[in-house]
Amino acid sequence: MPGTGANGGETADETDTTTVETLVVGSGVAGCAAALAAARAGQDVLLVTKAERPADATSWWAQGGVAVSREHPEAFKQDILTASDGAADPDAVDVLVENANDAVEDVLVETLDVPFDTDENGDGEFAYGREAAHGERRILHVNASTGRHVLGPFLSHLDDHPNVAIREDTAALELLTREGRVHGAMVQSVGTVEPVYAGATVLATGGIGALYDRSTNPTGATGDGIAMAALAGADVTDMEYVQFHPTAYAGDEPFLLSEAVRGEGALLRNGDNERFMPEYHPDAELAPRDVVARTVAAERDRTGDVVLDVSPLDFEAEFPDLAAKCEERGIDVETGVPVSPAEHFVCGGIDVDSRGRASLDRLFAVGECSRTGVHGANRLASTSLLEGLVWGLRAGQAAAADGADPTVVEAPDLRDSDPALPEAFAEEKFGRLRRTTEEYVGLARTPDGLRRARAAIRRLKGEVDAYVRTRTSRELYELRAATVTGLLIVRAASENAESRGCHHLVDESAETTDAGEENEAHAGRP
């Protein structure tokens, strides 16, 4: 594909451009679902992704599984609402639970033939798992590595689809807009920057893990889609609700220990070898994630350690992938796996409707970069892949209906006239950002800490913007996206004086917070 004025080349015109009916940015389950639905509707689809392999997408890292409604959609809905601390949109939850079974059956079972675990009876029936805050067993899974068993086949299926083209190692830098409508995106691939014009654009760029030192996300989760949409003028909502998973390995290079392990009977013990969760919440280890995460952090502070005791179950047989990972790290599971909270999922994002439409015309968002209203202030376990699948299919269908007329508009001149970035420039700036978010925008927040964070990230964003004016590179735009997204989180947190779900405010005059009282208050909410 030809270059553009972005690097001093020729200006794009209608004979020297890339146009496509539907552009999808991101190759996780949500992006794949949107591409599949648009392709099924007969659209030509281009899927661009920063990933060079499936493991670079957040969906690949998903362990627990895919929750479905089974025969009890109302019970599923109530569990989502309760886990959300009463903040989820009931209408959005209805969309999720009413479409869950059909979406999973259509795509994951019939189209992709995902090898979900079956029960021990040998009759081929699925073995449904249970995880925290779920009232019953409703989670389809493949060992504790469900994401990779879904995403790999999904990408292979799209590779073979005649209406879909996939371009890997390609980063979207910013959206092409004119008069409130999105016309595609500027993308960079192999050092070349060019506009891709699209009738409809679907953002499926994943999460924000790169903003935190400890995260269960891949390093490329820099908030790209959220930042691009916000800079283009799209509505972004609920960014203060950043979820921390309570059981990530506490050592270097944290990895997730699935909620399913606790669902099958694993217990949390503190440094005094005491099981503590029953004292904090009636559901003990199966309390909502925000409750367990705060409690684990409090017990680590009080006793020096928290471990996940897997002795009540046959860990190696039931979770062989996790057992192998522990063995690789030299972890003695007999004495328990050391755990501590890590950033896991942002419940807010680009505000969208029940079809994934954003506030800008012809722009859609799905997956973790979107805010559908399903998760409220805290996400229920094993609903992320499901939400991505359901909204991906719905957005892909809507994009196909809306986006049949790609229009070429004037592309921005992204200058690349100055010398390359100083060595370790992005690494140093990311380090500053992560230190700020970890200290002030983590599990517990104070008004003063949020003010400090806002000032620090604004200064950092100003430094990055100065470089963006004369340089165009993927790492620089990722850094800009991360600072914009960080600022959105801090602003939303600063403006919300209600402590709820993942957004937990503490008294600045107190060094510690009575986690028991806070968790009890959470448990009493509808």
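Author: A helix crossing is right-handed when the near helix is turned clockwise from the far one by less than a right angle, and left-handed when anticlockwise. Helices (H or I, at least four residues) and strands (E, at least two) are DSSP runs numbered from the N terminus. The model is predicted, so local features need pLDDT of at least 70 and side-chain atom pairs pLDDT 80 or more, while totals for chains, interfaces and linings use all residues. Residues count from 1 along each chain as its sequence is written, and side-chain values use heavy atoms, without hydrogens or water.

Reader: Does α2 pass α3 in a left-handed or a right-handed crossing?
Author: Helix α2 covers residues 73-83 and helix α3 residues 90-111. Their axes (lines fitted to C-alpha atoms over the stretch in contact; angles from 0 to 180 degrees between N-to-C directions) lie 10 Å apart at about 135°. The crossing of α2 past α3 is right-handed.

Reader: Which word describes α2 and α3 relative to each other?
Author: Under 35 degrees is roughly parallel, over 145 roughly antiparallel, 65 to 115 roughly perpendicular, and the rest oblique. The α2/α3 angle is about 135°. The two helices are therefore oblique.

Reader: How many residues of the contact of α2 with α3 are charged?
Author: In contact (heavy atoms within 4.5 Å), P73, F76, K77, I80 and L81 of α2 meet P90, V93, D94, L96 and V97 of α3. Nonpolar takes in Ala, Val, Leu, Ile, Met, Phe, Trp, Tyr, Cys and Pro; charged is Asp, Glu, Lys and Arg; the others, Gly among them, are polar. The α2/α3 contact has 8 nonpolar residues and no polar ones; the charged ones number 2.

Reader: Against which helices do the buried residues of α11 pack?
Author: Helix α11 (residues 425-440) has end C-alpha atoms 23 Å apart, which agrees with the 22 Å its 16 residues should span. Its buried residues include F425, F430 and L433. They pack against α12 and α13.

Reader: How is α11 oriented to α12?
Author: The axes of α11 and α12 come within 9 Å and cross at roughly 165°. That makes the pair roughly antiparallel.

Reader: How many residues of the contact of α11 with α12 are polar?
Author: The α11 side includes F425, K429 and Y440; the α12 side includes G449, R452 and Y467. The contact counts 9 nonpolar and 4 charged residues; the polar ones number 2.

Reader: What is the relative accessible area of R452?
Author: R452 lies in α12 (residues 447-468). This residue is partly exposed, at 47%.

Reader: Is A133 buried or exposed?
Author: A133 sits in the loop between α3 and β4. Phi there is near 70°, positive in a residue other than glycine. At 18% relative accessibility, A133 is buried.

Reader: Is E253 buried or exposed?
Author: E253 is in the loop between β10 and α6. Its phi is positive too, about 50°. At 60% relative accessibility, E253 is exposed.

Definitions and conventions
Buried < 20%, exposed > 50% of the residue type's maximum accessible area, 1.4 Å probe, protein only. Expected span 1.5 Å × (residues − 1).
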